[in-house]
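Below is a note for a colleague who is meeting this structure for the first time. Please keep the sequence and the model open while reading.

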There are 2 protein chains.
Amino acid sequence: MQYLKPAIFTFIVLSYSAVIQAQSLFPQITAVPFSGVTITDAFWKPRIEKVALVTITVCVDQTEVKTPRLRNFEKVARKKGEQHEGIFFDDSDVFKALEAIAYSLTNHPDASLEKRADEWIDKIAAAQLPDGYLNTYYTLTDLNLRWTDMSMHEDYNGGHLIEAAVAYYQSTGKRKLLDVAIRFANYFDSVFGPNKRHWVTGHEELELALVKLYHVTNDVKYLQLSHWLLEERGHGYAKGYTWTDWKDTAYAQDKTTVKDTREITGHAVRAMYLYTGVADVASATNDTAYMTAMKSVWEDVVYRNMYITGGIGSSGSNEGFSVDYDLPNDHAYCETCASVGMVFWNQRMNLLTGDGKYIDVLERSLYNGALDGLSLSGDHFFYGNTLASTGNNERREWFGTACCPSNIARLIASLGNYIYTSSANTIWVNLYVGSKTNVAVNNTNIAIEQQTNYPWDGDISLLINPDKKTTCALMLRIPGWAQNQPVPGSTYQYLTNGNTNFTITVNNVPASYTLQNGYAVINREWKKGDVVQLHLPMEVKRIIAINDVKDDRNRTALERGPLVYCIEHADNGGKAMNLILPDEAVLTSSYNSALLNGVVTIQTTATILLPTANGDGIESIKKTITAIPYYAWANRGKGQMQVWLPRKATYVTVETK
Amino acid sequence: MQYLKPAIFTFIVLSYSAVIQAQSLFPQITAVPFSGVTITDAFWKPRIEKVALVTITVCVDQTEVKTPRLRNFEKVARKKGEQHEGIFFDDSDVFKALEAIAYSLTNHPDASLEKRADEWIDKIAAAQLPDGYLNTYYTLTDLNLRWTDMSMHEDYNGGHLIEAAVAYYQSTGKRKLLDVAIRFANYFDSVFGPNKRHWVTGHEELELALVKLYHVTNDVKYLQLSHWLLEERGHGYAKGYTWTDWKDTAYAQDKTTVKDTREITGHAVRAMYLYTGVADVASATNDTAYMTAMKSVWEDVVYRNMYITGGIGSSGSNEGFSVDYDLPNDHAYCETCASVGMVFWNQRMNLLTGDGKYIDVLERSLYNGALDGLSLSGDHFFYGNTLASTGNNERREWFGTACCPSNIARLIASLGNYIYTSSANTIWVNLYVGSKTNVAVNNTNIAIEQQTNYPWDGDISLLINPDKKTTCALMLRIPGWAQNQPVPGSTYQYLTNGNTNFTITVNNVPASYTLQNGYAVINREWKKGDVVQLHLPMEVKRIIAINDVKDDRNRTALERGPLVYCIEHADNGGKAMNLILPDEAVLTSSYNSALLNGVVTIQTTATILLPTANGDGIESIKKTITAIPYYAWANRGKGQMQVWLPRKATYVTVETK
């Protein structure tokens with residue numbers, strides 16, 4: 001790999017401005033930003049409100065009052081030799097809380113919260129060193145040691161600073177934090193880069209952040225720096241540095257160059273942030289080698305290493321990937337942040353390809369693996385999201401390593417980002433979320449109002465109101481689950497093929513459409529008052545995994561629409577592991593407004609194994625069981641839960657407690 | 001605590017020689033050393049041979065060839081700036097292997113092995129620094145950092161050096177390693193002590209080793225140094241040092257002074273080595289405050305924190321103790337070294353008190369928790385010894401942290417240490433092991449030959465051959481399990497009181513005896529050819545735990561003689577978790593010479609839960625099950641095992657794999 005020799009690198013640097021202005025090799029699809037989307041539905045709107053009123057309050061309180069996270073910045077500014085408290089990456093939680101606040105201020109203006117955020121920003125700015133460096137851990141311990149240990153998250157913290165700064169600038173128009181971020185980025189650029197020092201980010205994040213900074217400043221040097229960081233990987237440059245928390249080169253995706261990578265390895269959140277950054281750089285630079293690598297890695301994730309919940313990173317020991325098909329249910333790690341990362345990366349992959357399969361995976365991670373990370377009350381969090389529990393799991397108020405709470409908060413606060421995309425003459429509807437937006441195609445503004453009770457039913461109405469008549473394609477995503485493909489690829493399949501009769505009408509007349517890349521394409525001239533109605537079949541389905549997934553053998557999971565279901569103790573006599581669900585049992589569903597803030601539950605009849613009166617044997621009895629959406633479990637105390645239900649017993653373990 | 005003020009300390013130092021020559025406050029009981037005991041029986045003799053021929057070969061091969069443990073010493077001697085390999089405590093494995101070799105050479109002379117040991121000793125001696133310091137890790141990394149981190153095992157390594165040196169000197173008469181150990185001890189003494197530097201041993205071991213050095217050299221300064229090390233604990237002196245692997249002060253028994261300690265805490269092996277050292281110092285110094293502390297700690301271990309196998313340290317996270325009655329079976333840590341430590345400590349407690357209850361516990365740890373650490377083949381090892389397995393546990397060839405293999409090797413090679421003790425006019429028989437020895441009482445040599453097929457049956461013959469007629473007490477331990485006390489104290493009890501009819505005859509006539517401290521005392525004039533026959537009742541018994549031990553609720557364990565039994569997959573249709581053993585099921589036993597090198601198995605009829613043909617339900621059937629001695633499990637491949645068997649089911653978990 002000769003890439004980093006100066007002569008060649010110069011060529012690449014020089015060619016940048018040409019590349020980014022050339023005809024893109026990828027479809028030019030743009031996401032409608034959440035600031036242009038008003039969410040109105042009964043599922044997401046209350047959650048976004050809950051994040052604004054409860055979750056962000058928790059994050060602010062933990063960051064500012066209950067833990068020393070913000071106080072470290074004050075200590076730097078005071079210059080009194082005070083000690084750093086907490087963990088070396090705690091600065092990032094301050095920035096991520098600010099980013100969530102920024103998004104929430106757009107959805108839910110709050111002058112008092114904005115004032116508090118401004119005060120935080122003053123404190124952050126006061127902790128920045130004259131050269132632009134900003135990191136309370138090293139500034140309060142030993143500045144001589146900065147940038148000596150690649151795993152100490154100086155880059156990661158810096159990336160979250162930049163993301164927060166861009167978000168706050170876009171939300172409020174205030175530049176102060178953006179200027180801090182720019183000074184940090186310029187400082188980093190002055191130390192690292194071609195003919196300067198090598199650097200392999202220990203926890204990827206800065207890459208995607210620098211692309212955001214490039215887009216908001218239009219300064220190509222941030223894109224170049226991000227690209228350079230990607231190209232630094234896989235050459236062994238980390239060897240010259242200390243790496244406190246690296247387990248091996250695969251752990252931080254430093255085993256191969258990005259372009260040569262074909263398999264997912266290591267820490268799941270690091271991997272997701274890396275590939276999000278890779279997609280961002282590939283999009284801006286037309287890099288097809290990155291695309292080849294990412295498609296292979298994506299297949300490795302989705303075909304062999306993803307849970308049915310969209311959760312990834314099955315192993316707690318490296319917070320990441322182990323070996324193919326190793327998907328244990330009872331100690332699934334599935335960090336909330338990794339599912340959030342799956343949303344980020346799959347959105348980018350969809351933008352780069354226009355392929356709906358990426359949104360299928362995004363939707364799966366969003367409604368299941370990620371949403372499970374937040375309690376219905378908005379103030380308790382899962383760090384890991386297991387798929388089976390003997391009763392020891394419960395959401396917690398906060399964590400020592402507190403990456404997940406602000407991550408799920410910033411995702412939900414910016415949910416509008418993931419619903420609509422557009423290109424010159426096409427509009428994509430990716431997620432079915434009741435909402436209003438405006439999209440410009442063919443130089444025409446089209447107001448769109450989406451009405452739906454999704455995910456509880458499959459009826460979606462789209463009111464299309466162009467300023468003037470215009471012909472363009474409206475692309476409605478037809479989820480894989482509505483076409484008997486629970487996940488694109490082969491890891492999971494439906495046990496019985498169900499109804500695939502989705503229907504589309506325009507103005508109550510069956511619409512003419514073609515199917516393309518997971519979308520129904522309706523190409524027509526649109527006029528004010530057009531109404532598109534999509535019906536997605538919403539019956540309950542049984543999923544099975546391929547035989548390679550040993551932990552799911554002889555088991556089935558229940559799904560309805562985008563939601564994965566589970567059996568929880570509270571609905572089933574205090575237990576959840578003592579049942580066999582025969583394949584022939586009829587599955588019905590009904591909406592229960594009083595349960596778990598309103599959910600559709602699934603009912604069926606299972607074989608329940610119960611001890612005889614004196615405990616000397618076991619009886620099999622038939623009994624109705626109730627399944628609830630996976631995201632809603634663990635809101636009624638600790639107890640058993642499982643997603644993958646036995647289709648048949650091969651063995652039983654006698655319990656005595 | 002004023003203890004360490006110089007004036008007071010001086011008083012203690014001055015008073016040493018007076019104390020150690022004064023009338024002891026404790027019974028003056030001495031163990032007959034293993035070098036004076038020839039083991040002849042069918043149970044232990046083949047194991048000692050296996051250790052000599054196989055286990056020690058494995059230890060030697062791993063230490064010298066397959067791992068860099070010995071090479072680190074060569075590197076120090078070469079002085080070529082080579083890097084240390086392995087872990088900072090690896091020196092100790094070299095010393096422990098040497099100690100096991102030393103014991104084995106006594107049992108099983110082997111000129112070639114002795115030559116190899118001599119070569120090792122040359123290499124070790126060549127790696128000692130002129131000042132006496134000996135530690136390959138710091139010598140090969142940065143000698144300036146020596147003694148800056150209390151948890152870096154410099155003291156622990158030194159202790160094992162001393163133990164090996166004493167053993168090798170006693171076995172071979174060769175002084176070279178002993179002189180190395182003395183130089184190390186003198187060096188340590190020159191750096192640490194009253195009016196010098198403080199030191200809290202990070203992993204206790206040096207204390208007990210220094211007492212051995214005192215006994216072999218008769219130099220009281222080593223006893224004083226050991227005593228001083230004990231008194232250093234509990235004052236917060238570790239605060240001034242780095243402690244890389246300390247979790248908290250309780251972890252390394254540094255939370256309270258030794259004398260004020262009333263509860264067991266922290267790392268189990270550290271605790272056992274500490275209290276062994278405390279007992280040794282108490283014995284030499286008549287310290288009753290130490291005795292008070294140890295009795296309380298011992299009760300805390302045995303009454304609330306010990307498994308039925310004699311294993312201790314239930315928690316893997318600290319390799320030690322958690323909270324009272326926290327004794328999970330399926331992830332019992334129970335390090336082999338901790339059971340070895342229980343043997344050491346309980347032997348000392350017995351010597352200090354003459355109380356048989358300590359031998360009851362010693363025997364339980366020896367035959368179950370410790371012996372389980374070694375495969376029947378002698379070349380595979382358990383680090384942890386779980387009491388229930390779903391099939392993921394197997395003994396391994398070696399470990400990165402390889403403390404256990406040489407520890408079980410040195411214990412078995414020196415088993416003779418634990419059989420006989422004596423005082424001026426009393427002989428104790430503590431363990432029933434076929435063996436020959438000579439004991440001097442009343443200035444008379446008494447040859448004793450013990451013949452038994454223990455632990456398979458309870459018939460023990462003792463041939464007593466004094467040189468001349470002499471009157472003394474012969475104390476035969478009557479194990480708690482033969483008197484319906486499985487463990488002294490209350491954690492465990494027999495479900496039904498069994499036969500307590502042990503019998504003793506002398507020359508075929510029922511003997512006159514009294515019961516005292518767990519021993520039958522036969523006080524008479526002994527003459528050549530006297531034959532004492534002891535019969536211990538050996539029926540199978542059910543044990544239950546008190547209700548506080550949640551993990552054993554509604555469960556029973558099977559015991560026969562000193563052996564705890566388990567159900568293993570290989571004897572029971574490939575499974576072991578699907579049974580209920582009703583209290584009324586009849587238990588029978590029989591010897592099977594073809595199984596597991598010959599074992600008594602237990603048969604009974606249990607309720608087995610089996611899936612119906614199509615897996616849609618469960619049937620309870622009655623079936624004969626076979627239990628094997630716990631120590632013998634995991635010698636026939638991986639599979640399920642459990643010690644605590646359900647008496648009744650409260651619940652079942654359906655398995656599908």
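The points below go through helices, the chain contact, single residues and backbone features in turn.

1. On conventions, this is a predicted model, in which local features need pLDDT of at least 70 and side-chain atom pairs count only at pLDDT 80 or more, while totals for chains, interfaces and linings use all residues. Residues are numbered from 1 along each chain as its sequence is written, and chains are lettered from A, with ligands numbered from 1, in the order in which they are written.

2. Helix 13 of chain A covers residues 336–353, where helices (H or I, at least four residues) and strands (E, at least two) are DSSP runs numbered from the N terminus. Its 18 residues reach 26 Å from the first C-alpha to the last, close to the 26 Å expected at 1.5 Å a residue, the expected span being 1.5 Å times one less than the number of residues. Of these 18 residues, 17 are buried; a residue is buried if 20 or more other C-beta atoms, placed from the backbone, lie within 10 Å of its own, exposed if 12 or fewer, and partly exposed in between. Just after helix 13 of chain A, A:G354 takes a positive phi of about 70°.

3. Helix 13 of chain A packs against helix 15 (residues 403–413) of chain A at an angle of about 30°, with the axes 9 Å apart; axes are lines fitted to C-alpha atoms, for helices over the stretch in contact, and angles run from 0 to 180 degrees between N-to-C directions. The two helices are therefore roughly parallel to each other, a term for angles under 35 degrees. Their contact is made by A:T336, A:C337, A:V340 and A:V343 of helix 13 of chain A and by A:C403, A:C404, A:N407, A:I408 and A:L411 of helix 15 of chain A, two residues being in contact if their C-beta atoms, placed from the backbone, lie within 7 Å.

4. Helix 14 of chain A, residues 357–370, reaches 18 Å from its first C-alpha to its last, close to the 20 Å expected. Because 14 of its 14 residues are buried, helix 14 of chain A is largely enclosed by the rest of the structure.

5. The contact between the chains takes 30 residues from chain B and 30 residues from chain A. On the side of chain B that touches chain A, strand 25 of chain B gives the most, with five residues.

6. A:T444 is placed in strand 7 (residues 444–452) of chain A, and it counts as partly exposed because 16 C-beta neighbours lie inside 10 Å. Leaving aside neighbours within four places in sequence, A:T444 is in contact with A:P466, A:D467, A:K468 and A:T470.

7. A cis peptide bond joins A:Y454 and A:P455, with omega about 0°, and A:P455 is found in the loop between strand 7 and strand 8 (459–466) of chain A. In chain B, a cis peptide bond joins B:Y454 and B:P455, with omega about 5°.

8. Two residues of chain B deserve a look for their phi values. B:Q253, not a glycine, has a positive phi of about 55° and counts as buried because it has 26 C-beta neighbours inside 10 Å. B:N508, also other than glycine, has a positive phi near 70°, and with 7 C-beta neighbours inside 10 Å it counts as exposed.

How values were computed: Parallel < 35°, antiparallel > 145°, perpendicular 65-115°, else oblique.
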